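Reader: I am new to this structure and would like to learn how to read its features one by one. Could you take me through them slowly?

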Amino acid sequence: MKNVKKAIAMLLALAMLAALAACGDTKAASTEAQSEAGSGTQAADGAGADGSQTAGGDVIKIGVIQLAEHPALDASYEGFVAALAARGYVDGENIAIDFNNAGGDISNCTTIAEKLVNNESDLILAIATPAAQAVAAKTTTIPIVGTAITDFAEAGLVNDNEVSGTNVCGSSDMNPIAEQIDLLKQLLPEAGKIGIMYCSSEDNSRVQAELAEAVCDQLQLAWEEYTVSDSSMIQSVAESMIGKVDAVYVPTDNLMAEAMATVTMVTNANGLPCIVGEEGMVENGGLATYGLSYYNLGQMAGEMAADVLEGADISTMAVKKVAAEDCTLCINTTAAADLQVTIPDDLRSKATIIE
């Protein structure tokens with residue numbers, strides 16, 4: 001009997017230990033669940049990783065890939081950021097911008113594109129054609145807004161410039177090329193043959209060169225192409241035009257924009273005027289342009305990006321373009337004096353003068 005009582009006591013003790021262990025497990029599970037719930041509540045309240053507050057609880061990640069550093073592309077980025085801020089998307093508050101400059105190196109574009117995609121950017125801004133092509137090759141799902149791109153369809157970025165059909169759209173820097181060649185004729189009425197100088201590896205430049213050639217044909221102006229594939233060729237190619245052409249036309253070419261001072265160092269010293277694609281080139285010695293504002297171009301892209309962030313389907317969008325009447329006449333009067341070019345009063349009166 002005594003042994004039976006001992007056995008019963010032992011069984012009761014074991015049962016009590018099991019119950020206590022179960023209570024401990026339940027309490028631990030409850031504490032873990034509360035911790036997870038607390039973490040979820042914090043995210044819902046909108047505390048981002050950097051402490052910024054956002055409406056949906058997450059900081060919107062915007063990746064930026066810019067081909068190179070020069071005034072036109074820099075202005076595009078500035079316009080983009082300003083347009084987003086005007087729509088309520090401010091870097092460091094509810095968006096985080098990851099800016100990357102490829103330094104003009106196409107291989108860098110590929111590396112940056114991979115990084116931005118792997119970081120799961122919510123939207124990517126691509127500035128210039130090679131930058132957009134690099135990132136479009138890495139994702140078909142992340143919306144890509146491009147700017148400073150001449151022809152999105154020709155570059156293989158969209159199915160059609162009127163309805164994208166892809167995850168890419170943006171604002172085009174297609175120049176008013178006919179008006180620019182007409183400007184050349186007004187400033188240089190005696191010019192009979194034009195040298196068209198551009199980088200052969202840039203799709204946007206080739207498109208503009210072909211359009212310029214067609215305009216020259218219509219105006220019965222002779223022309224000849226002078227192409228470069230890298231910056232080391234620019235000075236020698238510029239020198240090769242001397243004595244062969246009467247003026248030079250340079251479209252909105254990224255490589256040429258970076259090296260415009262090198263071009264005009266040669267051409268201006270040898271009496272060879274350059275009509276160029278944009279204002280930054282005029283500031284670096286080009287004679288004149290009738291061109292668009294890259295800041296405004298960036299603003300257009302920023303507006304499109306804001307629309308996408310607010311739910312618009314980028315695949316249904318049309319590429320935006322700057323109307324010719326919104327372009328600006330710019331003349332470098334120092335270059336004009338060096339080249340002994342007389343600026344007609346009617347052009348001078350409506351031009352932005354750069355000295």
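Author: Let us begin with one residue, keeping in mind that this is a predicted model. Glutamine 220 sits in the loop between helix 6 (203–218) and strand 7 (222–228).

Reader: What is the phi of glutamine 220?

Author: Most residues other than glycine have a negative phi. Glutamine 220, although it is not a glycine, has a positive phi of about 60 degrees.

Reader: Is glutamine 220 buried or exposed, and why?

Author: Glutamine 220 counts as exposed because its relative accessible area is 74%, and the cut-off for exposed is over 50%. Glutamate 120, which is not a glycine either, has a positive phi of about 55 degrees; this glutamate 120 lies in the loop between helix 3 (106–118) and strand 3, and it is exposed at 56% relative accessibility.

Reader: How should I read the sheet, and what is the order of its six strands?

Author: Strands of a sheet pair through backbone hydrogen bonds, either parallel or antiparallel. Here the six strands form an open sheet in the order 2-1-3-4-5-11, with parallel pairing. Strand 2 (95–101) and strand 11 (320–321) are the edge strands, each pairing on one side only. Within the sheet, strand 4 (residues 144–149) and strand 5 (residues 168–172) are joined in the parallel sense by five bridges, and isoleucine 149 has serine 172 in strand 5 as its bridge partner.

Reader: Which residues lie nearest the centre of the largest pocket?

Author: They are Gly104, Ile106, Ser201, Glu202 and Leu255, among the 13 residues that line the largest pocket. Helix 8 (residues 254–258) gives the most to that lining, with three residues.

Key. Residues numbered from 1 in each chain as written. Predicted model: local features only at pLDDT ≥ 70, side-chain atom pairs only at ≥ 80, totals over all residues. Heavy atoms only, no water. 1 Å grid on protein atoms, 1.4 Å probe; cavity = no way out; pocket = protein on both sides within 12 Å on 5 of 7 lines; lining within 4 Å. Helix = DSSP H or I, 4+ residues; strand = E, 2+ residues; numbered from the N terminus. Pairing = 2+ DSSP bridges. Buried < 20%, exposed > 50% of the residue type's maximum accessible area, 1.4 Å probe, protein only.
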